[in-house]
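User: I'd like to go through this one with you and ask where each term comes from. Could you show it first?

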Amino acid sequence: MHDDRERFLIRYAREFAPFIVSRARGAWIETSDGKRILDFTSGQICATIGHNHPRIVAAVEQALTEVIHLNSWMLSEPVLALAERLTSLLPSPLDKVILLNTGGEANEVALRLAKMHTGRFEVVGLTRSWHGLQAGAASLNLAGGHAGYGPLMPGSLTIPAPYAYRCPIRHCDGACDCTCLEAGFETIDQQSVGSLCAVIAEPVLSAGGVIVPPAGYFERLRELCDERGMLLIFDEAQTGFGRLGAMFGFELYGVVPDILTVSKTLGGGIPLAATFTSQAIEADCYRKGFMHVTSHVADPMPAAAGLALVQVIEEDCLVEQARKRGEYLVARLEELQERHEQIGDVRGKGLLVGVELVEDRGTRKAADVLGAAVCDECLRCGLSMNIVRSSGGMLNCFRIAPPLSVTEEEIDTAVGIMDEALTSMAAVVGQGSLQ
Ligand SMILES: Cc1ncc(COP(=O)(O)O)c(C=O)c1O
């Protein structure tokens with residue numbers, strides 16, 4: 001089996017997992033040799049209501065008997081129903097939507113709308129962000145991955161992320177006061193060629209280490225955008241549909257963007273994304289000839305899955321549940337922090353939580369060897385977690401994002417596995433055998 005993988009598949013990231021998955025249900029995946037693993041990454045953060053939720057399965061089955069795919073100018077009932085449902089969840093002016101497939105694509109559409117509407121092309125991203133691998137979105141990926149693919153999109157500009165635990169401008173310590181934002185915009189103004197178009201930001205910077213901007217950050221960002229005639233784009237690929245304990249992340253900050261993108265968390269595991277904007281921006285772009293015709297724009301089958309997902313989130317009160325389970329998860333992780341010196345920081349919102357490992361709480365030197373060892377040991381003991389980069393590209397931050405339907409017992413099981421893995425791997429790393 002391993003040989004086959006080497007022979008036929010293009011390797012697109014690190015090496016493949018050392019097992020084959022044969023089944024997935026709720027917060028669990030099962031391997032072909034019968035092992036059960038708790039999935040605290042929700043797949044790629046997409047199994048929002050658990051793997052293979054029966055309502056997603058039923059919606060897809062129904063679409064399979066009715067209509068899967070259409071020419072892009074033809075619409076279907078699931079698409080109309082989902083468009084109406086989604087826009088009714090959002091405040092004005094986010095009244096118009098286009099249904100797409102992936103997060104990168106949704107951001108690409110956001111950027112194309114912003115550029116066409118403003119007639120400008122400079123787009124500002126935050127360091128430590130991730131927005132997808134299409135050329136425009138990828139140019140604003142600042143959590144890494146640029147080397148080897150040639151130039152970025154002209155006009156890609158950057159401000160430092162409000163990473164309070166490791167302040168990028170060495171100013172704050174633990175509580176960001178937004179000086180990085182002011183300093184960042186001074187730099188932007190000096191770099192700009194007079195074509196400032198938009199800022200794109202995640203409400204919580206996930207791939208960059210689960211960085212939670214402080215209260216007031218996005219309000220000030222909104223002002224800075226407005227002063228310059230720039231649009232504000234929120235990328236809610238990971239934060240939309242309840243993950244942060246609110247239906248959308250921006251609700252927690254009281255700031256409504258001009259353009260909103262959602263993706264991963266919308267399809268319940270089926271590829272589905274959406275970009276929203278105002279009637280005014282949509283009308284202006286349509287008048288100017290806006291075009292985004294792709295093979296699977298507005299496809300009925302994924303729309304049916306999205307509709308089912310929203311219904312389940314509402315009927316099962318999963319937004320409120322994510323908030324409560326998130327508090328429980330953080331409390332359990334803070335208990336671990338009291339006993340494990342190597343846990344430098346626990347942070348997050350709702351069920352998107354980061355745990356940063358350090359060699360020493362004083363110096364905050366990233367414990368990447370330990371991080372990798374704990375991650376591998378957790379997997380061996382039945383817990384799958386992501387490890388993402390924090391300072392200096394070090395892989396030392398666990399990103400924990402179980403399905404919103406996770407139970408307290410499952411959280412207890414996961415925290416127990418982490419506890420044992422931290423104890424055993426700290427001993428091994430301490431002896432130098434993993435160095
Ligand atoms: C915040 C954010 N935006 C966009 C993307 C890209 O989404 P996709 O991989 O579906 O293109 C990701 C993927 O990790 C993401 O985390």
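User: Which element gives the most to the lining of the second largest pocket?

Analyst: That is S4, with four residues. A word on the source: this is a predicted model, where local features need pLDDT of at least 70 and side-chain atom pairs count only at pLDDT 80 or more, while totals for chains, interfaces and linings use all residues. Residues are numbered from 1 along each chain as its sequence is written, and side-chain values use heavy atoms, with hydrogens and water left out.

User: What makes a space a pocket and not a cavity?

Analyst: Both are found on a 1 Å grid over the protein atoms alone: in a cavity a 1.4 Å probe fits but cannot get out, whereas a pocket is an open set with protein on both sides within 12 Å along at least five of seven lines. A residue counts as lining if one of its atoms is within 4 Å of a point. By that rule 23 residues line the second largest pocket, with Val97, Ile98, Glu282, Phe290 and Val297 nearest its centre. Its space comes to about 700 Å³, a volume being what is filled by probe spheres set on points joined across faces, edges and corners.

User: Which helices and strands each supply at least two residues of that lining?

Analyst: Helices H4 (77-89), H5 (103-118) and H10 (279-287) do, along with strands S4 (96-100) and S10 (273-277).

User: Which residues of H5 and H10 meet?

Analyst: Leu113, Met116 and His117 of H5 meet Ile281, Asp284 and Cys285 of H10, contact meaning heavy atoms within 4.5 Å. By class, four of the residues are nonpolar, one is polar and one charged. Nonpolar means Ala, Val, Leu, Ile, Met, Phe, Trp, Tyr, Cys or Pro, charged means Asp, Glu, Lys or Arg, and the others, Gly among them, are polar.

User: How many cavities of 30 Å³ or more does the rule give?

Analyst: There are two. The largest has a volume of about 40 Å³, and residues lining it include Leu111, Phe121, Met153 and Ser156. The second largest cavity, at about 30 Å³, has a lining of six nonpolar, two polar and one charged residues.

User: What makes Phe241 and Pro93 worth a look?

Analyst: Most residues other than glycine have a negative phi, and most peptide bonds are trans. Phe241 is not a glycine, yet its phi is positive, about 65°; its place is the loop between strand S8 (231-236) and helix H9 (250-253). The peptide bond from Ser92 to Pro93 is cis, with omega near 10°, and Pro93 is in the loop between H4 and S4.
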